[in-house]
Amino acid sequence: MNLSNVKNQKWVIGVSGGPDSMALLDQVNKVQLKCFVVHVNYHKRETAQRDQRIVEDYCIKHSIPYSIEDAPDFLSGNFQDQARRFRYHCMLEKVKALSYDAIVVAHHKDDDLETYLFQKKRNSNVDTYGLKELSYYKDCLLIRPLLQYSKQDLIDYCVQNEITYGLDESNSDPKYSRNLISKELTHMSKDEKQFFLWEKDERNKRYCDTGN
């Protein structure tokens, strides 16, 4: 997505402090797109406060309004799913309160592929394989402007532009099935990844063509 084409929009952006969302925030800031940042602190790891400071420091430096949301202690169930629901709830509430246009998240090409492989392993019956650049969350526009970039592209962007970021070590925790798929991706060649992305697109075309 060319951010220059949406400069008239107002976005609520989810920023974790990782390279993906920090690269997105910096790109949005550079085109002077009006935004409000939401950072959720789950207090589940020692580096959580570090990531919060990274987001706060950037927002303060560039005069970007933001909020820090402290997540409740999810005592049971799927933590990743509950965390996602809470995060989106916080962003949706800000969109409503501020009368902004969209929720914006930093999902990238690897997330797209990871989602597809997760769906494929589960034989999921879904409306869309992988992730869409434009979709809706509870009637609110949800935008993923970074799907053309790989995670390494975004890390390289942060390094080249001297953007501070943190790495979430819990992303390698094998107790989460998505993390196992993410680990598989690190061992895939560029050609293998490209094949699965092609396969995903073909499945989406067949779905659209047949209506199944």
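Arg-84 lies over the face of Tyr-88, 5.7 Å from the ring centre. Bear in mind that this is a predicted model.

Q: What makes Arg-84 count as lying over the face of Tyr-88?
A: Its distance to the ring centre is 5.7 Å, and the cut-off for CZ of Arg is within 6 Å, together with an angle within 35 degrees of the ring normal. Arg-203 is placed over the face of Tyr-129 in this way too, at 5.5 Å from the ring centre.

Q: Why is the pair of Tyr-116 and Tyr-129 called edge-to-face?
A: The ring centres are 6.0 Å apart and the planes stand at 85°. Pairing needs centres within 6.5 Å, and planes over 60 degrees apart count as edge-to-face, so this pair is edge-to-face.

Q: What makes this a link between distant parts of the chain?
A: Tyr-116 sits in helix α4, Tyr-129 in the loop between α4 and β5, and they are 13 residues apart. Both are buried.

Q: Why are Phe-195 and Phe-196 edge-to-face?
A: Their planes meet at 65° with centres 5.5 Å apart; the angle has to be over 60 degrees, so the pair is edge-to-face.

Q: Why is Phe-195 called partly exposed?
A: Its relative accessible area is 42%. Buried would need under 20% and exposed over 50%, so Phe-195 is partly exposed.

Q: How do you know that Asn-78 caps the N-terminal end of α3?
A: A side-chain oxygen of Asn-78 lies 3.0 Å from the backbone nitrogen of Gln-80, and a polar contact requires N or O atoms within 3.5 Å.

Conventions: Residues numbered from 1 in each chain as written. Predicted model: local features only at pLDDT ≥ 70, side-chain atom pairs only at ≥ 80, totals over all residues. Heavy atoms only, no water. Phe/Tyr/Trp six-rings, centres within 6.5 Å; stacked < 30°, edge-to-face > 60°. Helix = DSSP H or I, 4+ residues; strand = E, 2+ residues; numbered from the N terminus. Buried < 20%, exposed > 50% of the residue type's maximum accessible area, 1.4 Å probe, protein only. Polar contact = N/O pair within 3.5 Å; in protein donor to acceptor, adjacent residues only side chain to side chain.
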